[in-house]
Amino acid sequence: MQVPAQFEYEKATSVAHALTLLTRYAPGARILAGGHSLIPMMKLRLAQPEVLVDINGIKGLRYIERADGELRIGALASHADLLASPEAGEHFTILHDAERVIADPVVREWGTIGGSLCQADPSEDLSAAFAALKGSMVINGPDGSREVSARAFHTGPYETVVGPAEMLTEIRLPVRPGSGSAYLKVMRRAGDWPIGAAGAAVWLADGLIADVGIGLTAVGASHFVAAEAEEFLLGRAPADEAFAQAGEIAAAHCNPASDQRGPAEYKRHLVRELTARVLRTAVARAGGPAHAPVPSPSLRPRS
Amino acid sequence: MKITVTVNGTDHARVVEPRLLLIHFLRDDLGLTGSHWGCDTSNCGACVVWLDEAPVKSCTVLAVMADGRRVTTVEGLAAGGALDPVQEAFAECHGLQCGFCTPAMMMTARWLLDNNPDPTAAEVREAISGQVCRCTGYENIVRSVLRAAKHDSGAAGAVPGLRPGEGAAIGGVEGLPCFPGGTPHDLGGPRGDHSPGGGTA
């Protein structure tokens, strides 16, 4: 029987209240949102906070809305909320691609976007997706709020820039014209963590790649990003040869570990292949070259 | 810590440790053993109950998180003594073998049908993809949920006098059989399950 070690439990009623509680109990306190990563880790003693600050009762942190040319996602929005959001689907298809393969529909009802990001599991899908989209995170602390690039948010496995007395409150994604995005994940069975996954966002202008983001999950990519492959693609014409080359570069620069999900060489192969595929899909979705086929976003048919 | 949880319409006040998981609160404190405690890792889904309006794996929720909220378990599925259409359909279509996953499967099925009254088989599979039937009886579970959708819409009609377990032998109501072409026994084993309408009857 797996049960967490003893802890104190506090219910926060507002962001300010949560920050007060975190300040009082830092560094022994952890924020409890959906709990679907934290509670299993507490059962295994991989996390052993002295105090849990439950933020589920905070009103106004669960939203997905358009404002000032951005899509803004409240930290308590659930995976199911994101999957159900037409705005997310229209402007950031990569998020719907990713959400369809995150855990299962029941877990997606409770797991939160903010919680997933702050858990910072190296195999968590949204970190790579937000890195590809070049989004940013709003972090609130005792001295006010600050905005941090998604690419600077993670400092290592299970570690972020969010301080012990701070909390993530919002994710911001700029809505820009000429964009398309996609995510692909290979896993052992439905709902599992990825063996490897890749996401891409492209912004086309005058038939060329004006900007591009490539995110990689579970393969040891620094900050979840394939920066060298992005650099290679900038300013080039979107074409299969370029996508294949970008895949090669991404595979060469990531650093996967051999584990129960597969050997490092296989994961590199996945990076090579998935990177090329998501780039092709993202460009097609951005209205790229007419001859580019629109491939299925999934590796297996979904009827 | 004192909590009050409304379970199947009844308020229950208890003093609990913050670390008590909802599944153990339901089973050990309230004696509601219909929800099953399986893998402890939120993989098997045997412990699914509803918290307010959505299903949750209750081994991954603290009882204190349910304070002031509503929980619905399989014991609350049959309203006023009448079986829920999902329960009827599981009985008719032989949707259970050992029964360990069944309460949770039915809770998720009820939620699916409340939100999507006419799902495809693929949508049913997606909905239950976080739940494991170790008897591997998925074909009949999917059939049961699809048939429950017909019950909900009234298309399946009543099944008077049916008791759990009898439905499969009966083979379904005329026009809307659980097993097109015959009962599971007529289908010639597992291979037959993959060819709807391809039975030998």
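Me: In this predicted model, two residues are in contact if their C-beta atoms, placed from the backbone, lie within 7 Å. How many residues of chain A are in contact with chain B?
Reply: By that cut-off, 26 residues of chain A are in contact with 23 residues of chain B.

Me: What classes of residue make up the side of chain A that touches chain B?
Reply: There are 13 nonpolar, 7 polar and 6 charged residues on that side.

Me: Why is chain A called as compact as a globular protein of its length?
Reply: First, the inventory: chain A has 11 helices and 13 strands. Its radius of gyration is 19 Å, and the globule rule gives 19 Å for 303 residues; the two values are close, so the chain is as compact as a globular protein of that length. Its C-alpha atoms fill a box of roughly 60 × 45 × 35 Å along the principal axes, and 52% of its residues count as buried.

Me: What share of the contacts in chain A between residues at least 6 apart in sequence joins residues at least 24 apart?
Reply: That share is 63%.

Me: What makes E2(A) and E3(A) a pair of strands?
Reply: Pairing requires at least two bridges. Strand E2 (residues 29–32) and strand E3 (residues 51–54) of chain A are joined by 4 bridges, so they pair, and they run parallel. Within the pair, Ala29(A) stands opposite Val51(A). With helix H2 (residues 38–43) of chain A, the two strands make a right-handed β-α-β unit.

Me: Which way do the residues of E2(A) point, and are they buried or exposed?
Reply: Ala29(A) and Ile31(A) point one way, Arg30(A) and Leu32(A) the other way, and all are buried. In a regular strand the side chains alternate between the two faces of the sheet.

Me: Which residues touch the most other members of the largest nonpolar core?
Reply: Ala200(A) and Leu216(A) do, in a core of 144 residues. Leaving aside residues up to four places away in sequence, Ala200(A) touches several residues, including Ala132(A), Val212(A), Ile214(A), Val278(A) and Leu279(A).

Me: Why is helix H2 (residues 85–92) of chain B called mostly covered?
Reply: A residue is buried if 20 or more other C-beta atoms lie within 10 Å of its own. In H2(B), 8 of 8 residues are buried, so the helix is mostly covered. Among them are Gln87(B), Glu88(B) and Phe90(B). Just after the helix, His94(B) takes a positive phi of about 55°.

Note on methods:
Residues are numbered from 1 along each chain as its sequence is written. Chains are lettered from A and ligands numbered from 1 in the order in which they are written. This is a predicted model: local features need pLDDT of at least 70, side-chain atom pairs count only at pLDDT 80 or more; totals for chains, interfaces and linings use all residues. A nonpolar core is a set of buried Ala, Val, Leu, Ile, Met, Phe, Trp, Tyr and Cys residues joined through C-beta atoms within 7 Å. A residue is buried if 20 or more other C-beta atoms lie within 10 Å of its own, exposed if 12 or fewer, and partly exposed in between; C-beta atoms are placed from the backbone. The radius of gyration is taken over C-alpha atoms; the globule rule is 2.2 Å times the number of residues to the power 0.38. A crossover is right-handed if, with the strands pointing away from the viewer, the path from the first strand over the helix to the second runs clockwise. Ala, Val, Leu, Ile, Met, Phe, Trp, Tyr, Cys and Pro count as nonpolar, Asp, Glu, Lys and Arg as charged, and the others, Gly among them, as polar.
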